[in-house]
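Biologist: I would like to go through this structure with you. Please tell me what stands behind each label you use.

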Amino acid sequence: MKKNEIIKNVVVEKLVFWWKWFARLKSDNKDIDWKAIFISGWVVPGSVVNIRILKSRKDYIEAQSQELVKKSPLEKEHPNNPFGMQAWLARANIPYDEQLKIKAWQVEESIFHLKKFQNDLVVSPIVPSPIIDWYRNKIEFSFWKYISAKEWKNEHFNLWFHKQWEFSKIQDFDWTILISEVANKIFKEIKDFAKASWLPVYDQFDQKWFFRHIVIRQAFFTNQIMVIFSINHKYLDVIPAEAGIYKKGNDNLIDPRVEHKDNIMEKIKAFLNKLALKYSEIKSIYLSLNDNRSDTSIWELELIYGNEFIEEKLLWLTFNISPKSFFQTNSYGAEKLYNEVLNLVNSEQWIVNNDWNLWTVLDLYGWTWTIGMVFAPHSKKVISVELVTDASKDGEANANKNGIKNMEFINAKVEDFLDDYIKKWEKAELLIIDPPRTGMHPDALPNILKFWTKQIIYVSCNPATLSRDLSFILQNSDYKIEKIIPVDMFPHTSHIETIVSLTKS
Ligand SMILES: C[S@@+](CC[C@H](N)C(=O)[O-])C[C@H]1O[C@@H](n2cnc3c(N)ncnc32)[C@H](O)[C@@H]1O
């Protein structure tokens with residue numbers, strides 16, 4: 001078995017890590033009979049695939065799925081999604097109850113080895129997302145000219161999400177089950193406008209030309225929409241030379257040399273203003289004047305309609321969302337997640353009759369600061385630590401908006417912050433940790449065990465690093481895992497959140 005060799009007709013058994021599937025190679029050759037195979041790529045358990053070997057080791061093979069031979073019996077075309085499985089929709093063809101089973105099983109599997117440290121571990125039933133389709137409150141589409149960099153199909157016009165795993169592949173479509181009906185309509189109108197105009201789509205390879213991104217943010221609880229239209233305005237300065245070249249391959253295009261650049265910008269703004277009048281949900285429109293070489297959608301922002309921000313509500317809190325704001329992408333799901341966290345703390349016996357009076361809550365990896373804010377009314381003080389400065393500024397503004405005066409926002413690396421915290425012998429009754437995919441930094445993890453706290457709530461978006469960090473905690477302290485709750489915030493994707501409550505006996 002060598003690298004790049006193709007193995008045909010492999011039956012996929014299950015998901016092992018959040019991005020890798022497991023299969024067994026059944027062979028007449030005794031040396032490799034029932035060898036373990038780890039497959040990357042978008043496959044479904046039960047499907048039969050041809051795979052290409054990436055690594056061949058004594059005990060296992062790592063491979064990439066190459067071709068689908070037979071669909072899994074689990075796979076059914078999603079009734080509202082004719083576009084197949086793509087980034088953010090990698091599991092759309094698996095019915096939702098099966099998606100949940102896969103995710104719950106994945107959490108079970110990743111904590112299984114912890115039973116040697118605590119044998120009574122039980123994973124609670126997975127909490128489904130309150131909405132399954134049309135749930136994202138933010139989406140980012142990229143204009144793109146090519147179906148694939150390799151195949152170089154020179155299509156004039158395509159739109160697709162921001163880069164995901166397969167950056168070079170692009171699919172054109174008019175709507176997606178990820179966003180609401182009205183967000184889809186707005187997207188389609190902008191797309192049609194762009195397509196009907198003579199202006200060219202930005203080319204990431206050549207780093208020139210015009211249309212770049214459409215970003216739509218929708219506050220679900222207030223039904224307010226923000227649109228950000230990103231264009232490379234600098235293109236308009238060089239139109240005459242460029243237009244001639246561009247026109248050669250596209251006979252239908254109007255010669256851009258007849259329009260002055262100011263007129264072009266006026267036409268775009270007029271179109272966007274008309275759009276706002278047609279859709280009353282639109283409360284804010286920005287142009288992003290974007291000649292940045294990297295594929296980023298937010299650059300020099302010009303507010304051309306409405307307010308600087310839209311407002312979203314979560315539980316009893318109201319948040320301003322500006323183009324750069326960080327916010328959980330599934331608003332209904334976020335409420336569910338925070339309620340689960342609240343219940344876990346509420347169920348603690350040291351809170352009597354729902355009468356909370358926590359002294360200090362320490363919220364590590366704050367990001368949108370929402371978890372910290374949820375605890376603010378129940379505590380004397382909430383300290384929230386986050387690395388990204390813009391996120392910290394957002395947090396402070398939103399705390400002010402909600403009249404929260406007992407939150408301290410610390411803009412620092414958690415590992416540095418904790419070093420100081422333990423030197424001061426500080427304590428925190430409740431410690432909330434919500435780290436990025438990589439889990440807790442190895443310099444930070446031991447330090448959370450060096451100060452007194454009654455309960456730790458660990459919210460994780462990666463079962464593998466969660467399990468690694470829990471293993472350390474169980475082996476190096478007298479904390480016990482009290483509850484493990486998987487929460488699905490991202491239907492149709494491989495992402496799963498897990499909340500773990502740890503207390504001291
Ligand atoms: C999963 S998000 C936190 C979500 C947040 N608790 C919420 O409810 O919205 C992880 C956050 O950790 C931040 N982060 C990553 N590494 C960090 C570090 N070393 N120190 C502090 N914050 C960090 C990231 O910027 C990101 O905002």
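Modeller: Helices (H or I, at least four residues) and strands (E, at least two) are DSSP runs, numbered from the N terminus. Lys 188 sits in one of them, helix 2 (residues 181-196). This is a predicted model, where local features need pLDDT of at least 70, side-chain atom pairs count only at pLDDT 80 or more, and totals for chains, interfaces and linings use all residues. Residues are numbered from 1 along each chain as its sequence is written.

Biologist: Why is Lys 188 called partly exposed?

Modeller: A residue is buried if 20 or more other C-beta atoms, placed from the backbone, lie within 10 Å of its own, exposed if 12 or fewer, and partly exposed in between. Lys 188 has 14 within 10 Å, so it is partly exposed.

Biologist: What is Lys 188 in contact with, leaving aside neighbours within four places in sequence?

Modeller: Asp 174 and Trp 175. Contact needs C-beta atoms, placed from the backbone, within 7 Å. The C-alpha atoms of Lys 188 and Trp 175 are 7.0 Å apart, and 13 residues separate the two along the chain.

Biologist: Which residues of helix 1 are buried?

Modeller: Gln 99, Leu 100, Lys 103, Gln 106, Val 107, Ser 110 and Ile 111. They lie on the same side of helix 1, because they cover an arc of only 120° around the axis. The arc is that of the directions from the helix axis to the C-beta atoms. Their cover includes strand 1 (6-17) and helix 9 (463-476).

Biologist: What makes a set of residues a nonpolar core?

Modeller: Its members are buried Ala, Val, Leu, Ile, Met, Phe, Trp, Tyr and Cys residues, joined through C-beta atoms within 7 Å. The largest such core here has 119 residues; Ile 216, Val 227 and Ile 432 have the most contacts inside it. Strand 9 (residues 224-231) gives the most to this core, with 6 residues.

Biologist: Which residues does Ile 216 contact, beyond those within four places in sequence?

Modeller: Among them are Ile 139, Phe 187 and Val 227.

Biologist: How much of the protein chain counts as buried?

Modeller: Of its 505 residues, 39%.

Key:
Contact = placed C-beta atoms within 7 Å.
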